[in-house]
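User: I'm new to reading protein structures. Could you walk me through one, feature by feature?

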Amino acid sequence: MTDVVAVERASGTTSWRGLLIQPAAIALVFVGFVVWLMTADLTPSERSTLNPSDLVDYAGQHLALTFVSALIVLVIAIPLGILLTRRPFNRASGIILAISNFGQAAPAIGLVVLLAFWLGFNFRSAVVALVLYAILPVLRNTMIGVQSVDARTVEAGRGMGMSSFAVLMKVELPLAVPVMLSGIRTALVLLVGSAALATFIGAGGLGLLITTGVTLYLPRVLISGALLIALLALLIDWLGRLVEHFATPKGLR
């Protein structure tokens, strides 16, 4: 018994170390970037582009693109994924997955630009493109998570007199949470990276630093944009891991 407790404690410690290393590394790199930005001998063009207030604005635009798109993805993909595991809708799952796969199979920049020509060069077009690009992981993982629940567990719930809806809410979805959250985390990281492309259609974001760096041949601005996007993606990934850790039932961790 003592050995079991020791193993559980060791496992918990390892888990927490893994959760804490990533934000510490992100903070260290970000502080290093801030120190460099304050002390580096930048040209007037670089100093103007890397103005701290502008960087905050770009980061805010980037996060707005990411979270608005993520919210729409969740509202569409989770209910649709659950619906496609129910009879008789499960017959349409192959077609729906094929359609949603199109968004991710198409080059992201092509999807963004094509939708911009249709819907206009604005924030809305970028959000639609990002939703199409990131919907597949959430939809697929929702379906896989619900379908992977042991049929005997579902039957046991029904044998206790629970309705189909009650079984879904109290048995299937809680057990499907780890797989579903994994898909959501993947989608969020995809959205952070893809949101950089929104700058090509005038939707703002940190991608503006990359395009400015390329257009004006300012390597330090280009690298700064890429670094900030990478740090933001890692931060979102860590937050997703944190939510996944606490939302997953203890018996499934």
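Analyst: We'll start with the whole chain and then look at a few details. Keep in mind that this is a predicted model.

User: Okay, overall picture then. How many helices and strands are there in the protein chain?

Analyst: The chain has ten helices and zero strands. Reading along the sequence, you get the pattern α-α-α-α-α-α-α-α-α-α. The C-alpha atoms fill a box of roughly 75 × 55 × 25 Å along the principal axes. Of the 253 residues, 40% count as buried.

User: How do I describe two helices that pack together, and at what angle do H6 and H8 pack?

Analyst: In general, two packed helices are described by the angle between their axes and the distance between those axes. Here, helix H6 (residues 123-147) and helix H8 (residues 164-194) pack at about 165°, and their axes are 8 Å apart. Angles over 145 degrees count as roughly antiparallel, so H6 is roughly antiparallel to H8. The crossing of H6 and H8 is right-handed. As for who takes part, the residues of this contact divide into 15 nonpolar, seven polar and one charged.

User: Let's zoom in on H8. Is Leu175 buried, exposed or partly exposed?

Analyst: Leu175, which lies in helix H8, has a relative accessible area of 37%. Buried means under 20% and exposed means over 50%, so Leu175 is partly exposed. Its C-alpha atom is 9.3 Å from that of Asp150, 25 residues apart along the chain.

User: And loops? Where is Thr85, and which residues is Thr85 in contact with, leaving aside its neighbours within four places in sequence?

Analyst: Thr85 sits in the loop between helix H3 (52-83) and helix H4 (93-105). With a relative accessible area of 15%, Thr85 falls under the 20% cut-off, so Thr85 is buried. Leaving aside those sequence neighbours, Thr85 is in contact with Asn90, Met143, Val146 and Gln147. The side chain of Thr85 also makes a polar contact with the side chain of Arg86, at 3.2 Å.

User: One more: what should I look for in a phi angle, and what is the phi of Tyr217?

Analyst: Tyr217 is not a glycine, yet has a positive phi of about 50°. You'll find Tyr217 in the loop between helix H9 (207-215) and helix H10 (219-247). Tyr217 has a relative accessible area of 67%, which is over 50%, so Tyr217 is exposed.

Technical notes: Residues are numbered from 1 along each chain as its sequence is written. This is a predicted model: local features need pLDDT of at least 70, side-chain atom pairs count only at pLDDT 80 or more; totals for chains, interfaces and linings use all residues. Side-chain values use heavy atoms; hydrogens and water are left out. Buried means under 20% relative accessible area, exposed over 50%, partly exposed in between (1.4 Å probe, protein chains only). A polar contact is a pair of N or O atoms within 3.5 Å; within protein, one must be able to donate a hydrogen and the other to accept it, and residues adjacent in sequence count only if both atoms are side-chain atoms. Contact means heavy atoms within 4.5 Å. Axes are lines fitted to C-alpha atoms, for helices over the stretch in contact, and angles run from 0 to 180 degrees between N-to-C directions. Angles under 35 degrees count as roughly parallel, over 145 as roughly antiparallel, 65 to 115 as roughly perpendicular and the rest as oblique. A crossing is left-handed if the near helix is turned anticlockwise from the far one by less than a right angle, and right-handed if clockwise. Ala, Val, Leu, Ile, Met, Phe, Trp, Tyr, Cys and Pro count as nonpolar, Asp, Glu, Lys and Arg as charged, and the others, Gly among them, as polar.
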